Amino acid sequence: MTASPALPPHGPDPGSVEELLAFDRDHVWHPYSSALTPQDPYLVESANGIRLRLRDRAGEPREVIDAMSSWWCAIHGYAVPELDAAAHAQLGAMSHVMFGGLTHEPAIGLARRLVDLAPEGLEHVFLADSGSVSVEVAMKMALQWHLAAGRRRTRFFTVRGGYHGDTFSPMSVTDPVGGMHSLFRGVLPEHVFAPRPPGGIDRMPDDPEFLAWERETRALFGEHAASVAAVIVEPVLQGAGGMHVYSPHALAVLHDLAREHGALVIHDEIATGFHRTGPLWAGAGRRRSDLLVDSAPDILCVGKALTGGYLSLAAVLCTSAVARGVSAGEAGGLMHGPTFMGNPLACAIASANLDLLASRDTAGEVTRIEGGLTAGLERAASLTSVADVRVLGAVGVIQLREPVRAAEVTAAALDRGVWVRPFRDLVYTMPPYVTADDELATLTAGLVDAVEDVHG
């Protein structure tokens with residue numbers, strides 16, 4: 001695989017850069033930022049391949065490898081010819097039309113592709129605006145399914161360490177103690193949180209730590225079973241909650257509990273879907289240690305990589321049993337309908353993105369990335385500041401023994417030609433699948449060196 005092309009030299013002059021950043025600092029809120037102590041972001045001028053062209057603090061242009069895939073969604077990199085072509089073609093027909101009472105080929109085509117790709121049994125597609133909204137829809141779907149059958153089940157069962165989004169319902173099933181939304185405790189609905197499953201993708205069901213987790217989780221579920229509408233979980237890899245990797249056998253336990261007690265299962269594959277952890281779906285048909293754990297959900301949320309990072313779009317897929325049950329209730333249908341639902345431009349790009357995934361050996365690309373991350377990050381394990389190094393598919397994590405000094409690590413990585421955004425005690429990467437081997441070596445060396453420089 002060849003390295004991605006260099007970016008063309010263009011962009012605002014240094015005076016314009018200074019003025020833009022000054023306005024940004026005074027008026028623009030960034031994710032999880034304060035208006036009292038505003039962030040000092042880098043200005044991006046363009047993106048091509050896996051590279052970003054930014055301006056550094058002195059206003060000088062700098063080209064860096066994007067180790068983040070723009071929060072995990074730009075899986076093919078930037079300026080992708082196939083996705084650009086799909087966008088231009090769709091703009092020639094229509095960019096948007098309401099989805100209430102109308103339909104169109106881009107939405108139908110995308111739904112057909114998603115049904116074909118989804119775990120068996122997921123046959124109905126609800127298109128949403130974003131990943132967080134898709135979780136809202138999935139939770140509403142589960143509640144309505146029970147209400148339609150005359151059961152008032154209003155709680156959700158999940159595990160600690162999860163993250164499902166920043167709107168209210170997703171916040172309520174995000175870790176209430178260690179998560180980003182503990183500020184809203186007492187305002188959000190209170191759901192049931194089992195302990196976080198023991199770490200390790202290959203941890204087996206007879207492992208003593210796993211058995212202890214299973215006993216505690218089964219007992220907790222039993223106490224609340226009558227009120228649980230659904231289990232909701234990020235399968236195998238918890239993302240923004242800490243990049244925690246756990247065994248698919250823990251997922252199987254959660255499925256067993258839901259089936260035993262008449263609850264639904266929701267998989268949040270917004271971060272993990274479309275091969276990020278290796279298989280197409282992290283939570284279905286995963287083989288480990290000669291055992292196949294096949295845990296298909298009743299409801300599936302997808303997003304992030306769905307459009308290859310071009311536009312915000314997500315989808316909720318469910319079984320016919322869930323769709324029929326919801327529709328048979330007093331409301332007569334699922335009570336949700338975003339203004340931009342089924343946006344034709346986003347749907348057309350998403351279909352082109354899924355076609356591109358299918359045309360490539362994406363699973364092979366991710367296996368190659370996994371090998372490069374494993375080799376390149378191995379040196380970090382010897383650093384005194386590092387507690388753990390782990391890799392799963394196209395996800396590489398350096399976990400520190402202390403909170404990361406994010407701004408310093410970011411600056412040190414930029415000096416080595418790599419863009420990274422650490423958080424908590426983690427310096428991690430989710431690179432685009434098209435990252436070449438030499439670029440991957442530069443990326444991993446940059447992260448390890450940055451950690452060593454800042455934390456030792």
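How many helices and strands does the secondary structure of the chain come to? And which residues have the most contacts inside the largest nonpolar core?

Modeller: Keep in mind that this is a predicted model. The chain has 13 helices and 18 strands. Its radius of gyration is 22 Å, close to the 23 Å that the globule rule gives for 456 residues, so the chain is as compact as a globular protein of that length. Along the principal axes, the C-alpha atoms fill a box of roughly 65 × 55 × 45 Å.

Now go inwards. Of the 456 residues, 54% count as buried. Take the contacts between residues at least 6 apart in sequence: 72% of them join residues at least 24 apart.

Next comes the part you asked about. The largest nonpolar core has 55 residues. Those with the most contacts inside this core are L110, F156, I266, F274, I299 and L306. Helix α5, residues 131-148, gives the most to the core. Its share is eight residues.

Look closely at I266. Set aside its neighbours within four places in sequence. I266 then touches A138, M139 and A142, among others. Its contacts also include F156, I299 and C301. A further run of partners is A230, V231, I232 and V233.

The chain exposes about 18,900 Å². Carbon and sulfur atoms supply 55% of that area. There are 35 positive and 54 negative side chains. The centres of these two sets lie 4 Å apart.

Key. Residues numbered from 1 in each chain as written. Predicted model: local features only at pLDDT ≥ 70, side-chain atom pairs only at ≥ 80, totals over all residues. Heavy atoms only, no water. Helix = DSSP H or I, 4+ residues; strand = E, 2+ residues; numbered from the N terminus. Rg over C-alpha atoms; globule rule 2.2 N^0.38 Å. Buried < 20%, exposed > 50% of the residue type's maximum accessible area, 1.4 Å probe, protein only. Contact = heavy atoms within 4.5 Å. Areas by Shrake-Rupley, 256 points an atom, 1.4 Å probe, with all protein chains shown as cover. Lys, Arg positive; Asp, Glu negative; His and termini not counted. Charge placed at Lys NZ, Arg CZ, Asp CG, Glu CD. Core = buried A, V, L, I, M, F, W, Y, C linked by side-chain atoms within 4.5 Å.
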